[in-house]
Amino acid sequence: MKQELTRSEMDLKELKELLLPMVNSGRTALLPALHAAQELYGWLPEDVAAEIGRQLRVPEADVYGVIDFYSMFYSRPVARNIARVCGDPSCSIAGGLRAVDEACAHLGVKLDEVSGDGEWMVERAPCLGLCEHAPAALVGDRAIGNIDPENPIDWLSTQGDGARSVVGGDIRILTRNCGNGFTTGLKEYMLSGGYSGLRRALGELTPSGVVDEIKASGLVGRGGAAFPTGLKWEGVAKASGETKYVVCNADESEPGTFKDRVLMEDDPHQLLEGMVLAGYAVGAEKGYIYVRGEYPQAVRILNEALGKGRDEGLVGRNIAGSGFDFDIEIRVGAGAYICGEETALFESIEGKRGFPRIKPPFPTTHGLFGRPTAINNVETLCNVPHIIGKGSDAFRKCGTRESPGPKLYCVSGDVDNPGLYEAPFGVTLRYVIEELAGGVVGGKLGSVLLGGAAGAFTTAKSYDVPLTIEDLRSENLSLGSGVLMVFHEGRDVRLVLEGLAHFFADESCGKCYPCQLGTQRQYEIIHRANAGQALSVDRQRLSDVGWTMTDASLCGLGQTAATAVLSALDLWPNLFDTDEDEL
Amino acid sequence: MSEIIKLYIDGRKVEAEAGSTLLEAARSCGAEVPTICYHEHCSSYGLCRLCVVEVEGQRTLAPACVVEIEEGMDVKTQSDRVVRSRRTILEMLDSAVDLSEAPEIVEQLAVYGADRERFSGGTERTPEIIDDNPMFIRDYSQCVLCWRCVQVCAEDAQYAFAINFSGRGYETSITTSYEKSLTESSCVFCGQCVGVCPTGALKPKREWLLEAGTEPSEIMRMTRSERRKKRRRQERPYQVVSSTQEERDDDKR
Ligand SMILES: Cc1cc2nc3c(=O)[nH]c(=O)nc-3n(C[C@H](O)[C@H](O)[C@H](O)COP(=O)(O)O)c2cc1C
Ligand code: SF4
Ligand code: SF4
Ligand code: FES
Ligand code: FES
C-alpha cells in the first residue's frame, strides 16, 4: 500500500523529477504539482508539500492553505479507492443519501473514514454533473450513473462507465455531434462542418470583424450571468497590454448542471474551435480550460482532442498557416464550487486558494495574472463556431430578439426522461418538461428549481412563461446555467432546501462574513426545523440571514445562497411554521 | 492636486478627492460607518461587510472600506437594508466566536440592537488554545477571521509567511503549515500579528499568564495543546513520515 512506504531520499527523488518541468512556472504550477504528487503518494504528506513549496517557491503555509481549501486534496492518508456519492437534490430524491449509508454499512466505515484494509472510503459529494443519471457516484475515476442505493456491492465494483449522455431536443446545433455514445473525433467534426468558422475567420475576417459578428449575434453568456459576449470580447480586445488570455470556465459545479460535461465529452473540438476563435478575436496567444476535478473523463478527452488539434495545426503555432499563434492548456480543479466564480478561478490557476476577488477591476482589464482576460462558459464558446461559420443572421433565426440562439436545458428530477435538451430560447417550461422530457412522473408537478442551487423555485404558475432572459427576469426568475430540477407534488420541499443549504455551507469559501456565517446558520435552522425542532422565529431568522447574504456578500455565491430559500418562503409562507404557529 | 468628486452621503453634499473610499468620504463628513476587518496599515479585502452602505441604483450593498467614490453617488449609511445586514452579521458573529475581549465589536452589538441569543444553539467555533511557543498564545475561539495577522506576516509587513488558512467556509481557521508549532514554522516572532489582532485571539504569553492568575506550571497542564497532540496521534493510524510531528514534539520533551 502506498501509504505504508517510509519515504526516503529516493522517494522524494521521484517527486523532484516530476516537478522538474514545472519549476520555471512557479506558483501557477501548484495545483498541477499537487495533483501529480497525490497521484504518486496517494495523499499529500508534509514533506512532499514542503518539497513542492521549495521547488515552486511557494511558502509552506501557503501550500498547506491551498491543499486544505480543495476537497479533493488530502493532507492525511486516504483510502486507495474513494467512492464519492452525490447528495444533492436530483440524486438525493432518487436515494443518493440512502446509497451513502448503505455503502458505509457494507464497508463497515463511517463517512470519510478509511476502511480497515485501507481500500475504501465513502464521501458525500456535491452534485457531480451526472444529474440525468441520478443517483450518481464517482468511484475513483469512473462516473457511475443510476446506482442502486440498496446494493452497494453492485455499483462499487462496476467496471464500465455507466454514464453516457442522454441528449435530445428539437434543434441540434450545439449538440449535433452529442449523445451518440462516443466522442466525436476531429474527422467527424470536420465532416459535420467543423472548423469552417475558424477558416472563415482566419481567411476573411479581422479580429475586430469577429468581435463585430459576435456582437451582432446577440450572444450572451451561458454560465449564469447572461452578460453579452461581444461586449466582453471588445473590452478585452481594447484593453491596454500585450499579453491577454482566454479562459474557458469548465468548472461546471452548479447543482443540476451537466451540459458542459456533455459538450466536452461528446464533441471536444467544437469547444477548441470556439476558444481559438476567441483568442483570435481578443488578441490572446494563450488559453486555459479550467475543468472541475470531478470530470476526469472530460479531462482525458480534451487532452486527446488537443493533441490531435495540435498535430493538425489547428491549435498552437501558425494556425492553419495564418501566422496566428494560440495554444491551450488544460487545468484541473480539485473540488471547489467557488472556483467557478471567475475571479476565484483565476486565483486557482495562479496556484492559490479559490478566494473571489473584489470587483471592480473586472477581468476584461485585470483578469488572469492581472492581464486582460476573456472568460467564458463552455456552452458560450461552443456557440461561437456556428456564429462565425454561418453568420449572425443565421444564429438569430432561433430564439428571441433579446435572447437569440439555441439553448441547452439540463432537465433532471421527477421527469420521465431526464437529459440534456437543445431548444431555442423562448420555449416554455411546459414544453421542455412535458414534450421534451416526457412529463412529470410520480405525481403531479409540485415545483421546479429553475437555475440550479443558486436559482429559485417556481410552480405550475410559470408553466407558460417563455424561457428567455427577459421574460424570466420580469417574473423574478432566472435560467442561470439552464437547470430545471423537477419535483412532483409529493416531494418535501423542506428536505430539498436542507440539501441546498448543506451545499452552500460546504462550498462557501469563507472569505466574507455574511456568507461564511450565514450559509452555516441557514443550514442549521433548516436542519433543526426538519428534525422537528422548528421555532416560531425561524421564518424571520431565515429571512434576515437570507437577505443579509443576498445584500452584503462579496461574490455571487453568497449573493445567491439564499435565493431558493427566500423563493420558497414566498411561495409557501408557512413552510417552516411550528404547530404553535398554527394555533 | 487631484480631482475633487462630489457625492451625497445621507442627503448631504460631500466633496472628496478622487480615489478616496466611501469610508473615508463618510468619515470626513461625520457619518458613522462601523468596521471590523479594516485597518489603516493593512490591505483591505472587504471581508467583514460591517461597513456596507446603500448606493442608489446598485443591486447589492457596497463595502465602504474598498469602494471608491464616484461623481454623483447617492449614499445612505443607515438605510433599513444596511441596518439589517449589520445587525445580522453582528448577531451571527457573536453566536460563532467568543467576543468577550473585543470591546469595539461588543459596542457595535449594542448600537445595532443585536439580540445576542438570536442564533444561540448553532455550532460555535471553539478550537483549543494553542500554547506552542514562549512568546504568545493563540486562542482561535476568539478569532474573527479579519486576516490581519496573515497579512502582516506576509506581504503587508514581515514576509515571513508563517501562517495561512485551513479549511474553508465556516470552518476556516488561521494555521501554520500542517498545524505544526510556530517554533517549527517560518515565524520570526516579530509579534506584528499580535499587534494588529482586534480580539483576544493573539496575546503575549506573559499577559495571558498574568490574566489567568494561575501558576505557570498549572497553566501549561491546562492548555490543550497537549491533548491536541494526543488526539492527532490517535487520528493518524499510519506512521508515514520517518520523523513525524509527534515524534519531534516528543523529542523535545
Ligand atoms: C459561485 C459561482 C460559481 C460559478 N460557476 C460557474 C461555472 O461552473 N461555470 C461557468 O461557466 N460560470 C460559472 N459562474 C459564472 C462565472 O463567474 C462567469 O460569469 C462566467 O464564467 C462567464 O462566462 P459567460 O459570460 O460565458 O457566461 C459562477 C459564478 C459564481 C458566483
Ligand atoms: S460570498 Fe461566500 S463564497 Fe463569495 S467571497 Fe463571500 S464567503 Fe466566499
Ligand atoms: S487571529 Fe486575530 S488578527 Fe488573526 S484573523 Fe483572527 S482575529 Fe484577525
Ligand atoms: S449529480 Fe447528483 S444532483 Fe447532480
Ligand atoms: S470594514 Fe469594510 S469589509 Fe470589513
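Tutor: Let us begin with domains, whose bounds come from an automatic or database domain assignment. The model before us is predicted. In chain A, the assignment gives domain 1 (2-69), domain 2 (81-156), domain 3 (169-396), domain 4 (406-488) and domain 5 (493-582).

Student: How many Å apart are the C-alpha centres of domain 3 of chain A and domain 4 of chain A?

Tutor: Those two C-alpha centres are separated by 26 Å. The contact between them draws 20 residues from domain 3 of chain A and 20 residues from domain 4 of chain A. On the domain 3 side, these divide into eight nonpolar, six polar and six charged residues.

Student: What is the average pLDDT of chain A?

Tutor: pLDDT is the predictor's confidence in each residue, on a scale from 0 to 100. Chain A averages 95, and 97% of the residues score at least 70. Residues 1-5 of chain A, however, remain under 50. For this stretch the model has 11 contacts beyond four places in sequence.

Student: Turning to the interface between the chains, how many residues does the contact take from chain B and from chain A?

Tutor: Two residues are in contact if their C-beta atoms, placed from the backbone, lie within 7 Å. Here chain B contributes 41 residues and chain A contributes 45 residues. On the chain B side, the elements giving two or more residues are α2 (80-96) and β7 (164-166). Of these, α2(B) gives the most, with eight residues. By class, the side of chain B that touches chain A has 19 nonpolar, 16 polar and six charged residues.

Student: Which residues come nearest to ligand 2?

Tutor: A ligand shell may be read by its nearest members, its elements and its classes. Among the 14 residues around ligand 2, the nearest are Cys509(A), Cys512(A), Cys515(A), Cys555(A) and Gly558(A). The elements that give two or more residues to this shell are α21 (513-533) and α23 (556-560) of chain A. Its composition is eight nonpolar, five polar and one charged residues.

Student: And which residues come nearest to ligand 3?

Tutor: Ligand 3 also has 14 residues around it, of which Cys143(B), Cys146(B), Cys149(B), Cys197(B) and Ala201(B) come nearest. This shell comprises 12 nonpolar, one polar and one charged residues.

Student: Finally, how many residues of helix α6 of chain B are buried?

Tutor: A residue is buried if 20 or more other C-beta atoms lie within 10 Å of its own. In helix α6 (residues 205-212) of chain B, the count of buried residues among its eight residues is zero, and the helix is hardly covered. Gly213(B) follows α6(B) and has a positive phi, near 60 degrees.

Note on methods:
Residues are numbered from 1 along each chain as its sequence is written. Chains are lettered from A and ligands numbered from 1 in the order in which they are written. This is a predicted model: local features need pLDDT of at least 70, side-chain atom pairs count only at pLDDT 80 or more; totals for chains, interfaces and linings use all residues. A residue is near a molecule or strand if its C-beta atom, placed from the backbone, lies within 6 Å of it. Ala, Val, Leu, Ile, Met, Phe, Trp, Tyr, Cys and Pro count as nonpolar, Asp, Glu, Lys and Arg as charged, and the others, Gly among them, as polar. A residue is buried if 20 or more other C-beta atoms lie within 10 Å of its own, exposed if 12 or fewer, and partly exposed in between; C-beta atoms are placed from the backbone. Helices (H or I, at least four residues) and strands (E, at least two) are DSSP runs, numbered from the N terminus.
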